[in-house]
Each structure stands twice: as C-alpha cells, then as structure tokens.
Amino acid sequence: MTPENINKLILEAKEARKASYCPYSGFAVGAALLTADGRVYRGANIENASYTPTVCAERVAFFKAVSAGERKFKAIAIVGGNADMPISDFTPPCGVCRQVMSEFCGGDFKVILSDGNTSKLFTLAELFPEVFTLN
C-alpha cells in the first residue's frame, strides 16, 4: 500500500469514529475496511448497557461488508481514543476482532493503526500468529 492509500484509509476510519456510540466507556473507535476491489466499509464501536452485546468497530466494518457480499479484503485502518479528545495513541484490534479478521483474511492482510499523526502497518500474521482454525 502506498502512503497516500494508507492516509486515505486512516481518514475514512476517523470519519467512521464520529458515528461511535460509546456512552459507557467514552472510548470511540472507527475502522475503515478496504476490499480487494477498492470499496471501503466503515465501522464504529457500538456499546450496550449490559456490555457483552457491545460490538467493536472492526467487526462492524467486516459484518457490513460480508453482509453486502464481500469476501476479499486488503486492509483495515483503525483509530480510537477518548471520545472527547483528539486521537493520540494507537488502538490495536482486540483478540475477538483478530479472530474475525482471520476468518476472511490471510496472514498478509494489512492492519493500519494511527495515533492521529503517525501510522504503523502490520500484517495480520504479525498481530495474530497462532490463529484458531477448524483445519
């Protein structure tokens, strides 16, 4: 991915973060998922008073894309932080989100994190080396 493409995807994730519903944690997360054919699906975290039904931004983006028929993905950008503050730190995906990513993506899938100023690029294999599969 070119730096320009990375920056565009980060901007999409920042826009997605604006839709976060996080009245309990106050931690807003946005994700932008890039498909193999160039479409972008946004996701924002959605919390619930009983906590367990809370859904992470990454999974929202994946589930929107998969429910629209998408199955091939290139990258995801993730941003997060205090809802009332500018983004200031990296927000890596949780283990559940990494497992969902592994269901649809290979180890070379790109995960982009941004702290609002700089970015880090990982492969899914780097973030999730011992993936659980049925095989």
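## Strands β4 and β5

Strand β4 and strand β5 (residues 119-123) pair in the antiparallel sense over 5 bridges, where two strands count as paired if DSSP finds at least two bridges between them, and where strands (E, at least two residues) and helices (H or I, at least four) are DSSP runs numbered from the N terminus. This is a predicted model, in which local features need pLDDT of at least 70 and side-chain atom pairs count only at pLDDT 80 or more, while totals for chains, interfaces and linings use all residues. Residues are numbered from 1 along each chain as its sequence is written, and side-chain values use heavy atoms, with hydrogens and water left out.

Within this pairing, S114 stands opposite S119 in β5. The hairpin of β4 and β5 has 4 residues between the strands, and there G116 takes a positive phi near 100°.

## Strand β4 and its parallel partner

Strand β4 (residues 110-114) is mostly covered, since 4 of its 5 residues are buried, a word used here for a relative accessible area under 20%, with exposed meaning over 50% and partly exposed in between (1.4 Å probe, protein chains only). Strand β3 (residues 73-82) is joined to β4 by 4 bridges, and the two run parallel. In this pairing I76 stands opposite V111 in β4. To get from β3 to β4 the chain passes through helix α3 (residues 95-104), and this β-α-β crossover is right-handed, which means that, with the strands pointing away from the viewer, the path from the first strand over the helix to the second runs clockwise.

## Aromatic pairs

The structure holds 5 aromatic pairs, counted where rings of Phe, Tyr and Trp (its six-membered ring) have centres within 6.5 Å, and called stacked when the planes are under 30 degrees apart, edge-to-face when over 60, and tilted for the rest. One of them is the stacked pair of F62 and F104, with 6.3 Å centre to centre and 25° between the planes. Because F62 lies in helix α2 and F104 in helix α3, the pair ties together parts that are 42 residues apart in sequence.

F62 is buried, with a relative accessible area of 1%, whereas F104 counts as partly exposed at 26%. Both rings belong to one aromatic cluster, formed by F62, F73, F104 and F109.

## The largest pocket

The largest pocket has a volume of about 170 Å³. On a 1 Å grid over the protein atoms alone, a pocket is an open set of points where a 1.4 Å probe fits, with protein on both sides within 12 Å along at least five of seven lines, and lining residues have an atom within 4 Å of a point. Grid points are joined across faces, edges and corners, and the volume is the space filled by probe spheres set on the points.

The largest pocket is lined by 15 residues, of which F27, V29, N45, C56 and E58 lie nearest its centre. Both β1 (27-35) and α2 (57-67) supply at least two residues each of this lining. By class, the lining has 9 nonpolar, 4 polar and 2 charged residues, where Ala, Val, Leu, Ile, Met, Phe, Trp, Tyr, Cys and Pro count as nonpolar, Asp, Glu, Lys and Arg as charged, and the others, Gly among them, as polar.

## A loop residue

Y51 is found in the loop between β2 (40-44) and α2, and it has a positive phi of about 65° although it is not a glycine. At 55% relative accessibility, Y51 counts as exposed.
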